[in-house]
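Please keep the sequence and the structure in view while reading.

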Amino acid sequence: MSSKTPAPETEQDAERQKVAFHLSGYMHKSLGRRGSEVEVYAKRIRSGDHDDFMTEISTALEEQSRLIAADLSGESTDAQSFDIPAILFMHDVTHRASSVHARQGQRRAAADPDHILARLDREAASVRRAPFVAISDVCSPSVASLDSLEVIKLSELTMETHHYGKALFVERVGTIVQQDTKALAAVKDVDGDAEAFELYHQDVNLANDLPLGLFFYIKEPYLTLSASGSLIIRVDHPTDLIHAGSKPKVVSASASVQEANRTAAEWKEVGNGFFKKQEYFKAGRVYECALEAGAEGKLKQDVSRNLAQVDLILGRNVSARLHAIDALSNDSDPALVALDVKSYFRAASASYQLRDFRQSEEDLSRLRSLSSNDEDGLRLLEKVRVRLKEVENGVYDLQQLVKRSSRLQPRIDIADFTRRTVVGWTKRRGRGLFAAEDVSLGELILCEKAFNATFGWESENSLTKTYDVRRKTFDGFPAPLWTSTIQKLQQSSPQRIAEVTSLTGRYPGLGSKTVIADGVHVLDAFQIHDIIAANAFAIPTPAKRQKTEAFGLMETVVPPGTKSSTIPENCALFTHAALINHSCLPNATRVFIGDAILLRATKAISKGDEILQAYVSPTLDVKARQERMNLIWNFTCSCALCKAETQEPDDLRQRRAAVIEEADRLAHDINTHLVDASQRDGIIRRAERLHARLKATFASEIWDGLPRA
């Protein structure tokens, strides 16, 4: 009787076994992962179907060992630090994406709510260990009205399918787990069938917005796999989620008959109770119930005024102004006049936060016609008049702004000065900024406060990274900038929304057109992502004297496998300065104060000239500049500087780069260390030698008329 002899193990098989063993040990000891989480990667490596992944992991583990050994011995090493969790995440995303078509159309099995909730607990733990999110399948938000969609149940969902023309009708069960850019929760339909869902870019009030027992709709849902490989309904666009009821059950899990029959006055008192307990989101929802219950006359004015205050606290400035205006009585009764003063102040405050300083001044003018000595109104009016002068003249107390800017208060209170520039079209680079008047060397061209800025110390999720499968790179900006920008847009005026959405990114999305569905301005989360990726700035930490990157917008991170993935600590999105095009020979340079950018002329600029800035430092080698510009902004610079450098041999550019690096070190030493008189002569001689060596690399006539490092 013959027995089957196993095939002999090859060297490659042995290598796979070795790498799988070492990866399992690393995941167990360094990442704290256990059991099936570890085995899934080891199994893939041993299978021989993922040799590229095996090579990446092998290299990363070897470099990790070299770094540890060098650290223990105190020796220097050229080993690079690899982000192994990021490599694992990239592999998971790629692995799932490769099997999308095989899963497409598959039906899901019915699930019990308790089973889904237990699964979400495991999902939340996984997210805490690996702070990553991924963009793989870009899809558009639903622009259809709810009335036009066919309502379906969970049993009708199929895998990897965008259910266009459909809407799920579900209610939330269990707790909501807020993680980085998303919230994890469970939902069930009227049949008791349950499934997990993840909602991206929602604010921390989601638990109040979707209380237990409240039914809501998910427009044109998408069923896919989560980061851990489990089924999940993924909602990328917050505007795809619509409340079903006009009276949210914010008081308890299930509204009683008494609550359902409350009068407007009773709803107002409930709202006042929440307000006193500083539960502002709940207070706002209940005040809305009071209005829907038919509040009229003075009761309606009181509720609207209270709701305006809630909106101001929650940053909902557009609705704050609308509710404040609705609260006006326009009555001569002294008691009502005093209340109208409050309403005008809240309207003016909302306009100020919306950066509509003219409207704020107008609201305050009406307030003063009722009460000329109102102290709050006078203080705000003083600030408004300063802002209006800034808009007109561009005169800022820069010393005070720098002094006040700090980690505790990184956002500064200024108005934008942009009247010296106009938006126009270039021949090859789309829109750009042009000088509206002559600008002398050193003069201020513009000053702009960021539409949105995030600072690393403000959020525990500040280092959460987004992996963009389309470009096989991690973003060069923290994921919270993406999420907070979408949240801020949801509370912005149509004009401000248009300013952001008119900026360009790789994915056009809805463009700058206004799309209203079910009473809300539809936002495309992926369009906003690509706008940020192409237009955001890295900004320095206030009150730090360390060198910050003077050049360059976001630096897209190279995928792990070459080096550790890092992202800037602080980032900002400007809507006007983002229109400035690139040149390695710019006529403007920028500096940041808190969340504001100031642009000054580095040469005389004539009216009609295009304003140009350097996206990346011109002192970088031309190949490095071109690679970065291609990767992030998808263009190749053809300025005179780039043309000159590309004509030079590689070894000459390498010699120049080495001298520049040495000069940077010398400058750093001088700036950071006290230099006594005995050292100065030596430093000067060293600088002169560096200058001579650097000058020798520019001997060719191709540099005639060009600036040199």
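## Cavities

A cavity is a set of grid points where a 1.4 Å probe fits but cannot get out. Rolling a probe the size of a water molecule over the atoms shows where empty space is left. The structure discussed here is a predicted model. A search of the whole structure finds four cavities of 30 Å³ or more. The largest cavity has a volume of about 110 Å³. Its lining consists of 16 residues, and those closest to the centre are Lys-219, Glu-220, Tyr-222, Arg-234 and Asp-240. Strand 7 (215-219) and strand 9 (231-235) each supply at least two residues of this lining. By residue type, the lining of the largest cavity divides into seven nonpolar, four polar and five charged residues.

The volume of the second largest cavity is about 90 Å³. Of the 16 residues that line the second largest cavity, Thr-501, Gly-511, Lys-513, His-521 and Val-522 lie nearest its centre. Two or more residues of this lining come from each of helix 18 (494-501) and helix 19. Helix 18 gives the most, with four residues. The lining of the second largest cavity divides into eight nonpolar, six polar and two charged residues.

## The second largest pocket

Pockets, unlike cavities, are open sets of points. In the second largest pocket there is about 790 Å³ of space. This pocket is lined by 30 residues, of which Arg-429, Gly-430, Asn-581, Tyr-615 and Phe-635 are the closest to its centre.

Which elements each supply at least two residues of the lining of the second largest pocket? They are helix 19 (525-535), strand 21 (581-582) and helix 20 (622-633). Helix 19 also gives two or more residues to the lining of the second largest cavity. The residues lining the second largest pocket comprise 12 nonpolar, 12 polar and six charged.

## The chain as a whole

The protein chain has 23 helices and 24 strands. Of its 709 residues, 49% are buried. Among contacts between residues at least 6 apart in sequence, 70% join residues at least 24 apart.

## Aromatic pairs and charges over rings

In the whole structure, 17 aromatic pairs are found. In one of them, the ring centres of Phe-132 and Phe-474 are 5.6 Å apart and the planes stand at 50 degrees, so the pair is tilted. Because Phe-132 belongs to strand 1 (residues 132-135) and Phe-474 to strand 16 (residues 473-474), the pair ties together parts that are 342 residues apart in sequence. Phe-132 and Phe-474 are both buried. Ring pairs also link these two residues with Phe-89 and Tyr-467 into a cluster.

Charged side chains sit over rings in the model as well. The charged end of Arg-262 is placed over the ring of Trp-267, at 5.3 Å from the ring centre. Lys-488 lies over the face of Phe-451, with 5.2 Å to the ring centre.

Is Ile-486 buried or exposed? Ile-486 has a relative accessible area of 1%; buried means under 20%, so this residue is buried. Ile-486 is found in helix 17 (residues 479-490). Leaving aside neighbours within four places in sequence, Ile-486 is in contact with His-201, Pro-238, Leu-523, Ala-525 and Ile-528. Ile-486 and Gln-202 are 284 residues apart in sequence, while their C-alpha atoms are 8.4 Å apart in space.

Ser-24 is part of helix 1 (residues 11-29). Its relative accessible area is 19%, and Ser-24 is therefore buried, the cut-off being under 20%. Not counting residues up to four places away in sequence, Ser-24 touches Val-38 and Ala-42. Gly-273, in helix 9 (residues 264-276), has a relative accessible area of 27% and is partly exposed. The C-alpha atoms of Gly-273 and Ala-283 are separated by 7.6 Å, and these residues are 10 apart along the chain.

Definitions and conventions. Residues are numbered from 1 along each chain as its sequence is written. This is a predicted model: local features need pLDDT of at least 70, side-chain atom pairs count only at pLDDT 80 or more; totals for chains, interfaces and linings use all residues. Side-chain values use heavy atoms; hydrogens and water are left out. Buried means under 20% relative accessible area, exposed over 50%, partly exposed in between (1.4 Å probe, protein chains only). Contact means heavy atoms within 4.5 Å. Rings of Phe, Tyr and Trp (its six-membered ring) pair if their centres lie within 6.5 Å; planes under 30 degrees apart count as stacked, over 60 as edge-to-face and the rest as tilted. A charge sits over a ring if NZ of Lys or CZ of Arg is within 6 Å of the ring centre and within 35 degrees of the ring normal. On a 1 Å grid over the protein atoms alone, a cavity is a set of points where a 1.4 Å probe fits but cannot get out, and a pocket is an open set with protein on both sides within 12 Å along at least five of seven lines; lining residues have an atom within 4 Å of a point. Grid points are joined across faces, edges and corners, and a volume is the space filled by probe spheres set on the points. Ala, Val, Leu, Ile, Met, Phe, Trp, Tyr, Cys and Pro count as nonpolar, Asp, Glu, Lys and Arg as charged, and the others, Gly among them, as polar.
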